[in-house]
Amino acid sequence: MNRLWNALFGSALAGAMLAACAVGASAADRTIFLTFDDGPLPGTKNVLSVLSQENVPAAMFMVGLHVETIPNGQDLLAEAKSMSLVTVGNHSYNHANNRYRRFYANTKAVVADMLHANQVLGLTPIVHARLPGRDVFRLPTVSREDLSINVAQWEREWLDYELVAEAGFYLYGWDFEWVHSDDGKPVQSVDRLVSEIDHLFQYGRFAQPGKMILLMHDEMFQDQFDGQGKLQSLIQKLKQRGYAFGDIRSYAPSNP
Ligand SMILES: [Zn+2]
């Protein structure tokens, strides 16, 4: 193939064309969807600033209660919504008070909580959303269950997921997480995370082939953890390695 190609086009041109093909194919096949949960929180401002500087899209799944209670919560929400790069999504009103089994035991209350958060966040259907504490997908063409809960628990909760989806939500889980400690500090170094991402694109399985939804939390990007520097470094390193960054609104083929 190479010899024929060289004979036809000359080796320099052929090399350039092959390289261009390779880059094009790999970017299309390796797309990362950045998602940030639990904002607005300390750290949200740094996230918005880096997204803007690096010109990459992201979904920010926000908690209604945080908009109402943290300093500048309303301003941070408004700033995020004003950015075309950012999709503000619904991550419930009160994050299940971090008591997930109790929260999902009451289906009507789950749906009501998500709808209440829509009001606080000013979102109208279709709303892109992530359930608190659950890695569940419910999209027109993608459905996946949370593997971290057992079957008995799933049987108690699956109707919640279905009815939330029916109420006008597209629910997104995640494929991989930049983990944080209890105080919010990122666990993996940027280089470690990049190598984990490389490995997963080679050997991992995602909800959608070639598309990784990366979960992070706003609180990881506070100044005390050099949040802005770390996030910017991550995005720049992923760009250098040829990854594309996707807009969550175009994640699934039939999304609007
Ligand atoms: Zn959360």
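Here are a few friendly notes on the zinc site and the salt bridges of this predicted model.

1. Let me start with the metal. The zinc ion has Asp38 (OD), His91 (NE2) and His95 (NE2) as its protein donors, at 2.0 to 2.2 Å. Along the chain, these donor residues follow the spacing D-x52-H-x3-H. Distant parts of the chain are linked here: Asp38 belongs to strand S1 (residues 31-39), while His95 sits in the loop between strand S3 (86-90) and helix H6 (100-104), 57 residues away. Both Asp38 and His95 are buried.

2. Next, the salt bridges, of which the count is 12. Do look at Asp37 and Arg130, whose closest N and O atoms are 2.7 Å apart. Asp37 is in strand S1 and Arg130 in the loop between strand S4 (127-129) and strand S5 (137-138), so this pair ties together parts 93 residues apart in sequence. Asp37 is buried at 2% relative accessibility, and Arg130 is buried at 0%.

3. Glu79 and Lys45 also form a salt bridge, at 2.8 Å from N to O. Since Glu79 lies in helix H5 (residues 73-82) and Lys45 in helix H3 (residues 44-54), the pair ties together parts 34 residues apart in sequence. Here Glu79 is partly exposed, with a relative accessible area of 27%, and Lys45 is partly exposed at 48%.

4. Another pair worth a glance is Asp247 with Arg249, where the closest N and O atoms are 3.0 Å apart. Asp247 is partly exposed at 22% relative accessible area, and Arg249 is partly exposed at 30%.

5. Finally, a network of salt bridges links Asp135, Arg144 and Asp175.

Methods:
Residues numbered from 1 in each chain as written. Predicted model: local features only at pLDDT ≥ 70, side-chain atom pairs only at ≥ 80, totals over all residues. Heavy atoms only, no water. Donors = N, O, S within 2.8 Å, 3.2 Å for Na, K, Ca; no water. Helix = DSSP H or I, 4+ residues; strand = E, 2+ residues; numbered from the N terminus. Buried < 20%, exposed > 50% of the residue type's maximum accessible area, 1.4 Å probe, protein only. Salt bridge = Lys/Arg side-chain N within 4 Å of Asp/Glu carboxyl O.
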